[in-house]
Amino acid sequence: MSHSRELSRIKAWLRGISLEEGEELDEEEARKAVHFAYVNVNHQGGVSGEGGGATITRGLEEHNFVEKVLVPLLPSVMGSTLGAGKKRKRGEDERKEFLVVCMAMVVEKDRQGLPQWDALASGERLSREEFDLFLRSCGALISRPQGLEAAETRVWLAFFTVTFRSLENPWVRNTVLKLVSLQLWCFLADNKREEEFAAIPKLRKYWNKVMKKEKKEEEALGSSYVPLLNKLEAKFFPSLYGVCMGKIDELGAGATNGTSEREVAIENSELFLQLVTELLSQLPTRRFVKTYLINQGFLVRCRRTLGDFSPHRHHDLSLLSRLIEWIEELMHFEVNDQDGTPISDEDMLELHYERVQKLQRMVFKIFTKLKKFPLVNCSKACEEEFIKHEIVSRLCDEELRAFVTEESRILDPRSPLAKEREALVDVLVQALRKPKPRMKFLEMLPLYPTEAVLFDTAGSIVPDSQGKNNSSSSYKPSDVTGLPRLN
């Protein structure tokens, strides 16, 4: 069925809802409406650009679907007590459909430049506890054992990009910051976590409080206790990372079947990288996410997966390459992740050299066969050729793995990169590479537009007015771009 016919059906159905001021839709009719909207949004590809999914949500927004249907139904759907067996599964599916439709409508409000949270987080219709349960339930969808469909994943990623962009709202901030808090470090390698606590002693105090609280909860609940590793506060971002990086790996390996499936995988990967930029560009979300990404070898994994695809030959991956470059800039941005104080280029270089010297002391004590590396100056120790000649060539696979993971604490031993020698080399070189001075980079930028900007037909530097892929639609600020963030 065409998009226009689907939209006509929805509009005809919505026009049939005649509610007086203050009157609410019958609950059974509202549930049917949510299912009808879910089927159409999911069938038409979620909230993709100007596709059918976006057309459907636009039609729903024109008729105040959130205010008329979703908000009155939310307490009933989120607070329902479910039975067992088929009834329970039916209830879980209904809740998932409801959450996907809610997320799609919030994204649509953001696309139209409307207040995204007025209906949900104003306190007029929903309590703070109900809104908190709603956001947490949305976050838990990504770690469902049965997973999400591609269209649902697209809606989820777009929704949480909008959500983490809305930290000025106290209700949103109070809930989502807990999802990227200190508990996330449960998934850090133990030796890396101890290294971070040694560098920032106050975090150890907070961690001990968390562990003490968990121990009391375990004693009180007994067999019904949920370990911290299984709680949403700890597993939210690692689950997201695992799902999306798996898709990026499939994309790089050419495992996607057909053009349409490849386009979906590329778009979802772009949305994931955009969400990562949102998290890294704000200090409250950057604090713990950045350390996790470094410990997982995130940049190296992305570049190894997509590095074989030249943007000149694969135009559909050019935006992914731009996003990865911008994420790398954010990862090395000159700011203290804990208190937000700026760091000069000289201080950044000094901090890097301190890490190099610490590594040299470790090598001197443990890897006695590496005789030159501990004795050279820091600048020499950061050179790629020297690293490969004096470290990599002298260590076997097991020794190199122990060097990068257990001893230097650069990479999590559980990371897929730890199984490949070439990946370990890339991780080591990336970790020891000297930071680029920001001032030199800025001095190299032209004062006036260059030919690269003026004749950027692909829209990879400045988005064109015709939108993505030169379609007939207008460019929208909510579209994914590889441009630097200003906040």
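These legends walk you through close-up views of a predicted model. Local features need pLDDT of at least 70 and side-chain atom pairs count only at pLDDT 80 or more, while totals for chains, interfaces and linings use all residues. Residues are numbered from 1 along each chain as its sequence is written, and side-chain values use heavy atoms, leaving out hydrogens and water.

**View A. Arg144, a buried charge without a salt bridge.** Look for Arg144 in the loop between helix H6 (128-140) and helix H7 (150-164); helices are DSSP runs of H or I with at least four residues, numbered from the N terminus. Buried stands for under 20% relative accessible area, exposed for over 50%, and partly exposed for in between (1.4 Å probe, protein chains only). Asp93 is the nearest side chain of opposite charge, 4.3 Å away from Arg144; a salt bridge needs a side-chain nitrogen of Lys or Arg within 4 Å of a carboxyl oxygen of Asp or Glu. Leaving aside residues up to four places away in sequence, Arg144 touches Asp93 and Lys96 (contact: heavy atoms within 4.5 Å).

**View B. The buried residues of H9.** Here Asn191, Lys192, Arg193, Glu195, Glu196 and Phe197 are buried. Their cover includes helix H10 (201-221), helix H13 (283-295), H16 and helix H19 (397-407).

**View C. Lys178 between two helices.** You will find Lys178 in the loop that links helix H8 (170-176) and helix H9 (190-199). Lys178 has a relative accessible area of 38%, so it is partly exposed.

**View D. Glu346 in helix H16.** Helix H16 spans residues 345-366 and holds Glu346. Glu346 counts as exposed because its relative accessibility is 58%.

Note on methods: Lys and Arg count as positive and Asp and Glu as negative; His and the chain ends are not counted.
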